[in-house]
Every structure is written in structure tokens, then in C-alpha cells.
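Thank you all for making the time this morning.

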Amino acid sequence: MSFEKLGLSENLLKAIADCGYDKPTPIQEGAIPHILMARDVVGLAQTGTGKTASFTLPMIEILAGGRAKARMPRSLILTPTRELAAQVAENFDTYGKYSKLTKALLTGGVSMEEQIKLLERGVDVLIATPGRLLDLFERGKILLTDIKILVIDEADRMMDMGFIPDIEKIVGLLSPIRQTLLFSATMPPEIKKLTQKFQSNPKEISVAPPATTSKNVEQFIVETSPRQKQDVLARLIEREKVQNAFIFCNRKRDIDGLTRYLQGKGYDAKGMHGDMVQKVRSETLEAFKAGKISLLVCSDVAARGLDVQGLSHVFNFDVPFNADDYVHRIGRTGRAGLTGHAWMLVTPADNKHLAAIEKLTKQDIQRVALEESKAEKSPRKSKPRHDDKPPKPPKKQAPANKRTDADDQDDGDVKGFGSDIPSFFG
Ligand code: AMP
């Protein structure tokens, strides 16, 4: 199937060609024709599957025909986090570059002044987090009665973050005559109920079973102790020739400590979590995307939806409490057809959470003992419980940016790394 066959106009096909996409992804192929026919759609798709384009492309097509009125946006996209909202907005800029649609990004943590000015001029597309949207509505700065298309993105994440009452309130402010698109990586009963409440005879499109990990991500575990975790992480970063990585911690307070530790080792590391002001979060993410920072130590605020081209590694410094979060965290790597690498540090206290992850993802993740020498290493691969294909060997990576090489080398008691790596994996 080609993009031409999906019923998109010349301007969009040109923008898609500029992106270098050859053909639609399965969620795009499944969703776009139905959205263009004005049907409600439930898209069961993980991030990394091209789901954002699956709704932005047809929305641009549909909205191209009309004009926005002051303070009355024509479409609304709700996302759980500011980062995801910014990413959806980027998608509109990329795919809408040959159309004249206007958009406003309404997220918290930044001044309302600019947002209000945009709203007063009239916008076609509103991309918002629920809190800021309600805030502006309550101040009388926005009318939602003209919304013809509503998108609820990452609905399961919205639920985890406690946004469902806000979503219900927002949907109550909209006209019942509208098209509603809901995307979610998983379909717990609460989300199912929402679709029944908000949608009319939706077409369901599912492109990957819930909670499956991408085949493009090589997954490994290192068993360690709480005291040795930082040291083990540093050794892994060194040995894996990490180009850039997200390093996930469960607690915000651990992010600062680990960031300082890595900076002390000479790495370009920065922390990112939900308590930081939005400006700093955005700047940090931009610096990471631009390659000025190679290690982002983060909370689950970065686990969903963030798309960094070519992220080589994800490290779970902590085993996530919620097994779903594991799937989302490691989904940041191995995107757009590239091979990614996900490592997790596991202490004896984590066994319960690890068991939940392996049960959810139906696999036994490969344990790697760092102390093993090359000769002793038996490359037992992560064993999918329902799929016997062995994972592909990871590609070699250029090392993460380090300010100095000489002073901070951490050999520890680890022998045989560095030059062993390719043969171990190969
Ligand atoms: P998403 O699932 O929306 O986060 O998209 C993941 C990545 O896939 C983004 O980097 C998109 O630019 C990219 N992408 C979207 N559609 C396609 C396509 N048809 N072919 C190749 N890459 C795509």
C-alpha cells in the first residue's frame, strides 16, 4: 500500500515525501482511510509505530477546507505530557508545511500570554494538556463548541496520571457532533468504558498486541546490589560504547544524585523530571536531541511518546514498579527500523517487579554477568516465550560524549571489556 492510495492530497504527499517515508506504517494504513471518512477510531498502537502521523495526516486533510474563528479552535488533541504535546505540534509543522493551518500549543509551565494571543487570532488545531486547557477555559479565553475533531492520545497514560476526570469534563464542553479518535498502547477496562462513552461505533485498529516489546530492541539484565548500581551503570556505559541514552530512575531524588555521579565521571549527563520547570525540561530535551547531551537521566516523564532519532540505549537504572512502564521506557530505542539496546539493573529486592515484566512481555530477559571473561560468556539470548527467533546482534556504536578520557576511567574489577564487546555480541 502506498500513501497515494490512502486518499491524501498533493500537499500532504509532498510533505510525506520530504520526510523520506516510503509507505504507510500499519496503523497509518489502518486508521487514515477511516478518519478521512469521518469515522470515530480507536487506535491500539504503541509509540514508535507512526501513530502520531496516523491522526495528524488525515486531520490536516480534513481541516484544510475550512477557516478558524477567534477563540474557537476547530480541533483538539489532548496529550498526557507537555513533551508529547510538543512532539505532536512538531508533527503538524512537518506534515502541514504546505498547508495554511494554524495551531496553538497549550501546555502548563509556560506563560499564558502568548497562548492567549494565538487563541484570539483563531487556530485550527489546539494541542493541549488537560490542566492548562481547563485553566484557559475557566478564564473565558477559549470556546470549545466548534471542535469538530477530538483526539485523545495515550489514553492509558492519561488514566495512570489521573487525568480521566479532566478529560470527562473537557469532553462535556464539546459539541456531541464531532469525530473522536482515541489512541492507547493498552486497553484496560476503564479506557474501554471511555470509548463507549465518548465515541460512536468506533472502528478499532490494533497494530501490536498490548505490552509487547519491539523486536528491534535487544534486552539485557545485570544482577547487582543497590550499593554497586552506579558503578555497574558506569561500566556498562563504557563497555557498551553508548552513543546516547535515556537512563530511567524510579524516584526524582535519585535522578539528581545519579546525574552528578555521571557528570563526575566526565559524561555530558543531564537530569529531567516532572518537578523541573517546563523551560528547563524543553531546553534539556532540545540539547539532547541536538547531541549536546549524551545521557539523559530521567523519570517516566520521558518514557512515553518521546521520539529521539537514533537513541542507541535505554538503561533502567531502577526496575520500574509498573510493568507497562518497562515497555514504554525501552520503546524509546530501536525506533524507525534501527536496532536498540535496553539494559536493566536488577537487585534482589526487584525480583517481584522483574517477574511481572517478564510475564507481561512473555519473555525471559537475558542475564549478563559483567564479571565473566570472554571465554566464559555464554550468550544466552532473551528468550521470547512465544517466539523462538534469536535477537539480532546490536550494531556497534560510537561512544557517548565524555569530557575527558584519561582521568575518569573506571576499570573497577571488570576485566576483558572494551575490545571483547564485538566478539561477545557477534
Ligand atoms: P510515533 O509512533 O508517532 O511516535 O512515530 C515514530 C517515528 O516514526 C517518528 O520518528 C516518525 O517520524 C516516524 N514515521 C512516521 N510514519 C512513518 C512512515 N510511514 N515511515 C517511516 N517512518 C515513519
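When I say that residues meet, or are in contact, I mean that they have heavy atoms within 4.5 Å. Please also keep in mind that what you see is a predicted model.

With that in hand, let me begin with helix α5, residues 112–121, and its packing on α6, where the angle is about 65° and the axes lie 12 Å apart. Since angles of 65 to 115 degrees count as roughly perpendicular, α5 and α6 are therefore roughly perpendicular to each other. The crossing of α5 over α6 is right-handed, and the residues that meet are Met 112, Gln 115, Ile 116 and Leu 119 from α5 and Arg 132, Asp 135 and Leu 136 from α6. Sorted by class, this contact is made up of four nonpolar, one polar and two charged residues.

The second pair is α10, residues 229–239, with α11, residues 252–264, which pack at about 50° with their axes 11 Å apart, and α10 and α11 are therefore oblique to each other. Here too the crossing is right-handed. On the α10 side the contact involves Gln 230, Asp 231, Leu 233, Ala 234 and Ile 237, while α11 contributes Gly 257, Leu 258, Tyr 261 and Leu 262; by class, that gives six nonpolar, two polar and one charged residues.

Which residues of α8 are buried? In this helix, residues 164–172, they are Ile 164, Ile 167, Ile 170 and Val 171, and because they fall within an arc of 120° when seen down the axis, they line one face of α8. As a general point, an α-helix has 3.6 residues a turn, so residues three or four places apart point the same way. The buried residues of α8 pack against β2, α6, β5, α7 and α9, whereas the face turned away from them carries the exposed Pro 165 and Gly 172.

Finally, in α14, residues 351–360, the buried residues are Leu 354, Ile 357 and Glu 358, and they cover an arc of only 95° around the axis, which puts them on the same side of the helix. Their cover includes β8, α13, β13, β14 and β15, while Lys 352 and Lys 359 are exposed on the face turned away from the buried side. Just after α14, Lys 362 takes a positive phi of about 50°, and with that residue I will stop.

Note on methods. Residues numbered from 1 in each chain as written. Predicted model: local features only at pLDDT ≥ 70, side-chain atom pairs only at ≥ 80, totals over all residues. Heavy atoms only, no water. Buried < 20%, exposed > 50% of the residue type's maximum accessible area, 1.4 Å probe, protein only. Helix = DSSP H or I, 4+ residues; strand = E, 2+ residues; numbered from the N terminus. Arc of directions from axis to C-beta. Axes fitted to C-alpha atoms, helices over the stretch in contact; angles between N-to-C directions. Parallel < 35°, antiparallel > 145°, perpendicular 65-115°, else oblique. Left-handed = near helix turned anticlockwise from the far one by under 90°. Nonpolar A, V, L, I, M, F, W, Y, C, P; charged D, E, K, R; others polar.
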